[in-house]
Amino acid sequence: MTETQTQTIVTRNDEDRRYEGHVDGVLAGFTVFRIDAKGRLHFPHTEVDPAFRGRGIAQTIVAEAMTDVARRGETVVPHCPVVAKYLRTHEVPGLTIEWPDQPHPE
């Protein structure tokens, strides 16, 4: 486990429809999701505050988000390049992925 991972706390914020990463109590970044009529979670955008870039925060947020989605039995539709890259290079046990024909990142 890296120092960044021990300091980054990732939580699901259903009200704002995103997974947030906090470092020492400060919002460092997030990945947004939208729920469609079939209950699938579309991930169009991931963002990290410039002050926290270069520490692997985006990857930590996406990793924790995908693990949580898998645990909940939900389906991911990756549009965001960060989420798509993570899913192409990492195995997430139990995660159902529906790859979009034409991604629509924000």
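Contact here means heavy atoms within 4.5 Å. The legends below describe a predicted model.

Figure 1. Leaving aside residues up to four places away in sequence, Leu-27 touches Arg-18, Glu-20, Gly-21, His-22 and Phe-52. Leu-27 counts as partly exposed, because its relative accessibility is 32% and that class runs between under 20% for buried and over 50% for exposed. Val-48 is 21 residues away from Leu-27 along the chain, and the C-alpha atoms of the two are separated by 8.9 Å.

**Figure 2. Overall view of the protein, with three helices and six strands.** Along the sequence these elements follow the pattern α-β-β-β-β-α-β-α-β. The radius of gyration is 13 Å, close to the 13 Å given by the globule rule for 106 residues, so the protein is as compact as a globular protein of that length. Taken along the principal axes, the C-alpha atoms fill a box of roughly 35 × 25 × 25 Å. Of the 106 residues, 47% are buried. Among contacts with a separation of 6 or more, 41% come from residues 24 or more positions apart.

**Figure 3. Surface and charged side chains of the protein.** The protein exposes about 6,300 Å², and carbon and sulfur atoms supply 47% of this area. There are 12 positive and 16 negative side chains. The centres of these two sets lie 4 Å apart.

Figure 4. Not counting residues up to four places away in sequence, Phe-43 touches Tyr-19, Thr-31, Val-32, Phe-33, Met-66, Val-69, Val-76, Val-77, Pro-78, His-79, Cys-80 and Val-83. One of these residues, Thr-31, is twelve residues from Phe-43 in sequence, with a C-alpha to C-alpha distance of 7.1 Å.

**Figure 5. The aromatic cluster formed by Tyr-19, Phe-33 and Phe-43.** Rings pair if their centres lie within 6.5 Å, and by this rule the count comes to three aromatic pairs. The rings of Tyr-19 and Phe-43 have centres 6.4 Å apart and planes at 25°, so this pair is stacked. The pair links distant parts of the chain, with Tyr-19 in strand β2 (residues 18–23) and Phe-43 in strand β4, 24 residues apart. Tyr-19 counts as buried, at 1% relative accessibility. In the pair of Phe-33 and Phe-43, the ring centres are 5.9 Å apart and the planes stand at 50°, so the pair is tilted. Phe-33 lies in strand β3 (residues 26–35) and Phe-43 in strand β4, so this pair ties together parts that are ten residues apart in sequence. Both Phe-33 and Phe-43 are buried.

**Figure 6. Arg-17 in the loop between β1 (8–13) and β2.** Phi of Arg-17 is near 50°, which is a positive value in a residue other than glycine. Arg-17 has a relative accessible area of 44% and is partly exposed.

**Figure 7. Asp-24 in the loop between β2 and β3.** Asp-24, a residue other than glycine, has a positive phi, near 50°. The relative accessible area of Asp-24 is 64%, so this residue is exposed.

**Figure 8. Asp-101 in the segment after β6 (96–97).** Asp-101 counts as exposed, at 80% relative accessibility. His-79 is 22 residues from Asp-101 in sequence, and the two are 9.8 Å apart in space, C-alpha to C-alpha. His-79 is also among the residues that Phe-43 touches.

Terms used. Residues numbered from 1 in each chain as written. Predicted model: local features only at pLDDT ≥ 70, side-chain atom pairs only at ≥ 80, totals over all residues. Heavy atoms only, no water. Helix = DSSP H or I, 4+ residues; strand = E, 2+ residues; numbered from the N terminus. Rg over C-alpha atoms; globule rule 2.2 N^0.38 Å. Buried < 20%, exposed > 50% of the residue type's maximum accessible area, 1.4 Å probe, protein only. Areas by Shrake-Rupley, 256 points an atom, 1.4 Å probe, with all protein chains shown as cover. Lys, Arg positive; Asp, Glu negative; His and termini not counted. Charge placed at Lys NZ, Arg CZ, Asp CG, Glu CD. Phe/Tyr/Trp six-rings, centres within 6.5 Å; stacked < 30°, edge-to-face > 60°.
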